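Colleague: Could we go through this model together? I would like to begin with how its parts are named.

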Amino acid sequence: MENYSHPEVLVDTDWVAAHLNDPGVRIIESDEDPLLYDTGHIPGAVKVDWFTTLQDPVRRDFLTRADFEELCSSLGIANDTTVVFYGDKSNWFAVYTFWLFEYYGHPSRRVMDGGRAKWTAENRPLVSERPSYPRTQYKASAPEMSIRAFREDVLRHLERRLPLVDVRSPKEFSGELLHMPGYPQEGAQRGGHIPGAVNIPWSQAVQEDGTFKAAPALRELYAGLGITPDQEIIAYCRIGERSSHTWFVLRYLLGYPRVRNYDGSWTEWGNLVGAPIEKGIPA
Amino acid sequence: MSQTVRLPRRLEEIVADFELCEGQEKLELLLDYARRFPPFPAHLQSPGQLEDVPECMTPVQMAAEVSGGGLHFYFDVPPESPTVRGYAALMMAGINGSLPEEVLAIPADFYLRMGLGSLLSSQRLNGMAAILAHVKRRAAAELEKS
């Protein structure tokens with residue numbers, strides 16, 4: 001597939017259509033819009049909502065390892081199940097869920113290229129009934145910390161002048177967005193970006209139909225802006241969802257070995273007392 | 001907490017319906033509104049009458065007209081955004097026919113009583129505030145005209 005470094009992590013809509021009744025496969029829909037699954041979904045697919053399911057309801061953090069085990073067990077996912085993720089907005093939240101499944105050590109993960117929009121555009125079936133599967137006894141691994149960055153990691157990264165990718169829109173990057181009239185303040189006291197970060201909006205990695213761009217175009221996009229595979233890289237956005245998309249592209253489609261997602265992202269950094277911030281767009 | 005500010009009668013009923021629902025039932029109710037999202041009236045389709053609602057991630061357009069002494073708002077929201085469709089549909093059901101003064105009196109945080117905060121992210125909830133803000137802007141313009 002398109003010369004990607006790890007083509008096995010992507011499946012196309014034909015593959016999914018051929019595996020709807022495969023007991024070794026579980027399809028998960030994760031959307032930005034929390035009602036979309038309920039309007040119709042791929043037959044047999046289960047819903048994992050990023051907000052109500054993947055976040056701890058009290059602390060700002062993900063669900064715990066025990067919660068993750070309970071989630072997978074209740075969805076009938078065994079440790080050897082192949083889990084296929086898809087969703088709206090070019091798989092933005094599907095990839096976030098993929099990232100979290102890697103964090104807790106689930107081995108066999110796939111993303112359906114093109115996501116929900118492509119499946120729908122091809123007039124493939126959508127159903128409204130919620131499936132249920134026999135419960136499993138899922139065992140999660142200890143969190144894979146090498147794919148997650150905390151604020152201390154970002155600060156060290158900054159001091160070592162290592163590359164950061166800010167995947168938000170240019171106006172969020174420059175700091176202009178917090179000053180636009182009529183917009184609710186989106187959770188940060190300060191606008192701008194982490195000094196030295198390169199702005200490569202996540203959506204630049206996808207094509208019109210929602211599928212990922214081919215490897216040569218992706219390589220040119222990131223390497224052309226100094227984001228190369230020989231370096232340690234941290235990606236961030238507003239709350240860590242869009243940056244998991246870029247993490248996926250760099251890690252799996254281009255094979256960059258050391259990429260981390262800073263899930264605290266701007267809603268943490270833009271509120272941290274004393275954290276260095278840069279505004280505007282570098283010349 | 002008691003609320004002294006009066007909402008338009010229909011909107012008050014809708015908010016009370018949400019208050020009575022628990023957990024996932026609230027989302028079911030919002031989905032009902034999304035499913036009953038009315039088609040955009042053809043006579044308001046012209047570009048001069050449509051205005052953008054700059055709401056995060058979802059392209060939303062709105063038009064308004066006065067008829068029978070009350071304000072009527074109409075929204076165009078893509079089907080792949082059912083949550084925003086639900087918001088817009090319940091706003092239309094709740095406030096259409098109200099006087100501009102009544103629309104302007106709706107507290108900016110009226111929707112908090114619906115209890116969606118544990119089900120929808122804060123950015124999602126902001127969408128409701130954005131829609132109300134735009135509706136109010138239009139109501140203020142109508143009031144100035146009269």
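Colleague: Which pattern does chain B follow along the sequence?

Modeller: Chain B reads α-α-β-β-β-α-α-α. In total, its secondary structure comprises 5 helices and 3 strands. The radius of gyration of chain B is 15 Å, close to the 15 Å given by the globule rule for 146 residues, so chain B is as compact as a globular protein of that length.

Colleague: What share of the residues in chain B is buried?

Modeller: Of the 146 residues in chain B, 34% are buried. As for contacts with a separation of 6 or more in chain B, 68% are between residues 24 or more positions apart.

Colleague: How do strands β2 and β3 of chain B run?

Modeller: Strand β2 (residues 58–67) and strand β3 (residues 70–76) of chain B run antiparallel and are joined by 7 bridges. B:S67 stands opposite B:G70 in β3(B). The hairpin has 2 residues between the strands, and B:G68 takes a positive phi near 60° there.

Colleague: And helix α5 of chain B, how many residues has it?

Modeller: Helix α5 of chain B covers residues 122–145, which is 24 residues. From first C-alpha to last it reaches 35 Å, close to the 34 Å expected at 1.5 Å a residue. Among the buried residues of α5(B) are B:L125, B:M128, B:I131, B:L132 and B:V135.

Colleague: Why would residues three or four places apart point the same way?

Modeller: An α-helix has 3.6 residues a turn, so residues at that spacing point the same way.

Colleague: Changing topic: what is the order of the strands in the open sheet of chain A?

Modeller: The order is β1-β5-β4-β2-β3, an open sheet of 5 strands with parallel pairing in chain A. Its edge strands are β1 (10–11) and β3 (46–47), each pairing on one side only. Strand β2 (residues 25–29) of chain A pairs with β3(A) over 2 bridges in the parallel sense, and A:E29 has A:K47 as its bridge partner in β3(A).

Colleague: What is the mean pLDDT of chain A?

Modeller: The mean is 94, and 96% of the residues of chain A reach 70 or more. Over residues 179–183 of chain A, however, the pLDDT is below 50. Where pLDDT is low, the predicted coordinates should not be read in detail.

Colleague: Lastly, how many residues of chain A are in contact with chain B?

Modeller: There are 14 residues of chain A in contact with 20 residues of chain B. On the chain A side, 5 are nonpolar, 4 polar and 5 charged.

Terms used
Residues numbered from 1 in each chain as written. Chains lettered and ligands numbered in written order. Predicted model: local features only at pLDDT ≥ 70, side-chain atom pairs only at ≥ 80, totals over all residues. pLDDT = per-residue confidence, 0-100. Contact = placed C-beta atoms within 7 Å. Nonpolar A, V, L, I, M, F, W, Y, C, P; charged D, E, K, R; others polar. Pairing = 2+ DSSP bridges. Helix = DSSP H or I, 4+ residues; strand = E, 2+ residues; numbered from the N terminus. Rg over C-alpha atoms; globule rule 2.2 N^0.38 Å. Buried ≥ 20, exposed ≤ 12 C-beta atoms within 10 Å, placed from the backbone. Expected span 1.5 Å × (residues − 1).
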